[in-house]
Amino acid sequence: MLRLTLRTLRYRKGGFIATFLALMLGAMVVMACGGLMETGVRMAIPTQRFAGADIVVTGDRSHDLTPSPGRSDDD
């Protein structure tokens with residue numbers, strides 16, 4: 001079976017190389033995303049780091065999408 005595979009590969013080198021590179025790059029992307037996710041899960045930064053800040057700017061965490069009275073969507 002391996003002999004048949006190697007014989008077929010002789011005529012399809014470009015496709016084999018392209019497939020191998022695509023799979024290798026895809027695996028690298030998945031591993032990088034997994035590493036970033038693992039770092040995010042394990043590196044929990046406590047909120048006490050804001051205690052030494054001179055000013056902390058925050059905003060409302062919700063947003064109402066209904067239009068206000070007297071205002072149309074064309075404005």
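Patches are made of residues with over 30% relative accessible area and no salt bridge, where like charges are joined within 9 Å and nonpolar side chains (Val, Leu, Ile, Met, Phe, Trp, Tyr) within 5 Å. The model is predicted, so local features need pLDDT of at least 70 and side-chain atom pairs count only at pLDDT 80 or more, while totals for chains, interfaces and linings use all residues. Residues are numbered from 1 along each chain as its sequence is written, and side-chain values use heavy atoms, with hydrogens and water left out.

**Exercise 1. Describe the protein chain as a whole.**

Step 1. Count the elements: the chain has 2 helices and 0 strands. Helices (H or I, at least four residues) and strands (E, at least two) are DSSP runs, numbered from the N terminus.

Step 2. Check burial: 0% of the 75 residues count as buried. Buried means under 20% relative accessible area, exposed over 50%, and partly exposed in between (1.4 Å probe, protein chains only).

**Exercise 2. Find the residues of the positive patch and the helix that gives the most to it.**

Step 1. Apply the charge rule: Lys and Arg count as positive and Asp and Glu as negative, with His and the chain ends not counted.

Step 2. List the members: Arg3, Arg7, Arg10 and Lys13 form the patch.

Step 3. Assign the helix: α1 (residues 2-11) gives the most, with 3 residues. Arginine 7 lies in helix α1 and is partly exposed because its relative accessible area is 42%.

**Exercise 3. Locate the nonpolar patch and the aromatic pair.**

Step 1. The nonpolar surface patch consists of Phe16, Ile17, Phe20, Leu21, Met24, Leu25 and Met28, together about 680 Å² of accessible area.

Step 2. Phenylalanine 16 belongs to helix α2 (residues 13-42). Its relative accessible area is 46%, so phenylalanine 16 is partly exposed.

Step 3. The whole structure has 1 aromatic pair. The ring centres of phenylalanine 16 and phenylalanine 20 are 6.3 Å apart and the planes meet at 20°, so this pair is stacked. Rings of Phe, Tyr and Trp (its six-membered ring) pair if their centres lie within 6.5 Å; planes under 30 degrees apart are stacked, over 60 edge-to-face, and the rest tilted.

**Exercise 4. Identify the salt bridge and the exposure of its partners.**

Step 1. The structure holds 1 salt bridge, defined as a side-chain nitrogen of Lys or Arg within 4 Å of a carboxyl oxygen of Asp or Glu.

Step 2. The partners are glutamate 38 and arginine 42, with the closest N and O atoms 2.2 Å apart.

Step 3. Glutamate 38 is partly exposed at 36% relative accessibility, whereas arginine 42 is exposed at 65%.

How values were computed
Areas by Shrake-Rupley, 256 points an atom, 1.4 Å probe, with all protein chains shown as cover. Charge placed at Lys NZ, Arg CZ, Asp CG, Glu CD.
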